[in-house]
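Let's take a walk through a protein together, one piece at a time.

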Amino acid sequence: MTEKKFETPKQFKQVGNDEPARKITPDKLTAPNWYDWDDIKKPTKPSDVKISLLEGRKWAIAELTSVGMPKEDAQDNVDFLLSGALNINYAYLRANITRTMPTDLATVWPQWLAKLMNNEPVQYILGHAPFYGREFMVDPRVLIPRPETEQLVEWILKDLNRTTGKPVSILDIGTGSGAIIETLMLENPRVRGFAADISSGALAVAEMNAQRFGLNYLHVVKSDVYSAVAGLEFDIIVSNPPYIATTDEDEVGGNVLEYEPHTALFADHDGLAIYEKIAADLALYLSDNGRAYFEIGYKQGQQVVAMMQHALPQAEVTLKKDFSGLDRMVRVVKG
Ligand SMILES: C[S@@+](CC[C@H](N)C(=O)[O-])C[C@H]1O[C@@H](n2cnc3c(N)ncnc32)[C@H](O)[C@@H]1O
């Protein structure tokens, strides 16, 4: 695994307990004396303001706490934004905090700050999110890849490294940004990847990421589960499908619900609908001795295990916990 550029992102933080007034625009910010307000209203005009990273950070934290964000969350979000924009890690940011903010960042800083105050996820503001040591482009057409999913990738890679030799075909159902399949291809050159998603918007993002990483040979297909891969067999099928029950909407943090695509979050039948569809034809699409890996909701372990065991009675089905000790992954080894 390549070195992580960023520390664990502080994702999906709620802005305080009280919802801030919606749609804060930059001109609602408290005017710091170093900004020309005409610059702020015209974000495309390069700012000639000279502001240090420290001043920009302090201002942002003060604004965020003024709308009810706990100070620690404000610091985390601002540091994530600064280090992500400058492509440096937190330690380097701290060591260089008194330096002048680059002009292009100073130009957009008030706009970004307003977006943060509107509870927009930092990864969408930046346009990229870290996953397994690389930056994946993200926008509201795709789910922001989560650290739990890195653990699923880790599990697949460990198993792959125990086998040698021939190419391995992998189908990623519900690829989103492409984070899972593209990481597998980048980490193991034997992987031949198929990225499937029902959302054209998500596929466009997966394709952009594939191009950035030079993965010209990734097959990107618009597919309702298996619909576009009929007749093919795969050595590995992996999926992190939408798994939140529509009735559990209340459990989802505010900015997730507001900003992330609902096709990536919610599924019928208590959140199990896509696992059911995958399980129904798993025997058909998985090659002999093939394996399937799923990310699951923490309450779905027993149900998904039973479903997969029913679909493939000879298979060895394993449930695994995430770093928080919650049921999070299922592996099916076809017998
Ligand atoms: C939870 S997101 C996972 C995204 C990415 N794989 C990741 O782990 O970050 C689920 C994805 O499944 C896609 N999806 C939802 N229903 C689908 C279906 N019936 N067939 C294929 N993809 C589907 C959504 O568009 C979304 O991109």
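Before anything else, one term: a residue counts as buried if 20 or more other C-beta atoms lie within 10 Å of its own, as exposed if 12 or fewer do, and as partly exposed in between. Keep in mind, too, that what you're looking at is a predicted model.

Now for the overview. The protein has 15 helices and 11 strands, and 41% of its 335 residues are buried. If you take the contacts between residues at least 6 apart in sequence, 68% of them join residues at least 24 apart.

Met-308 belongs to the largest nonpolar core, which has 61 residues. Together with Ile-170, Leu-184, Ile-237, Tyr-275 and Phe-294, Met-308 is among the members that touch the most others. Pick out Tyr-275: leaving out residues up to four places away in sequence, Tyr-275 touches Pro-241, Phe-294, Val-304 and Met-307. Apart from this core lies another one, of 23 residues, including Leu-81, Met-101, Ala-106 and Trp-112. In soluble globular proteins, nonpolar side chains tend to be buried together.

Next stop: the ligand. There are 25 residues around the ligand, and those that come nearest are Gly-174, Gly-176, Ser-199, Asn-240 and Ala-264. The elements giving two or more residues to this shell are α8 (179-187), β4 (191-197) and α11 (262-265). Sorted by class, the shell has 14 nonpolar, 9 polar and 2 charged residues.

An unreviewed UniProt entry lists Asn-240, Pro-241, Pro-242 and Tyr-243 under "binding site". Asn-240 sits in the loop between β6 (234-239) and β7 (244-245), and Pro-241 is in the loop between β6 and β7 as well. Are they buried or exposed? Asn-240 counts as buried because it has 26 C-beta neighbours inside 10 Å. Pro-241 has 20 such neighbours inside 10 Å, so it counts as buried too. Setting aside neighbours within four places in sequence, Asn-240 is in contact with Thr-149, Leu-152, Gly-174, Ile-180 and Glu-295.

Gly-127 lies between α6 (122-126) and β1 (128-131). Why does Gly-127 count as exposed? Gly-127 has 12 C-beta neighbours inside 10 Å, so it falls in the exposed class. Not counting residues up to four places away in sequence, Gly-127 touches Met-137, Val-138 and Asp-139. Gly-127 and Pro-140 are 13 residues apart in sequence, and their C-alpha atoms are 9.3 Å apart in space.

Key
Residues numbered from 1 in each chain as written. Predicted model: local features only at pLDDT ≥ 70, side-chain atom pairs only at ≥ 80, totals over all residues. Helix = DSSP H or I, 4+ residues; strand = E, 2+ residues; numbered from the N terminus. Contact = placed C-beta atoms within 7 Å. Core = buried A, V, L, I, M, F, W, Y, C linked by C-beta atoms within 7 Å. Near = placed C-beta within 6 Å. Nonpolar A, V, L, I, M, F, W, Y, C, P; charged D, E, K, R; others polar. UniProt positions renumbered as here; feature names shortened; annotations may be inferred.
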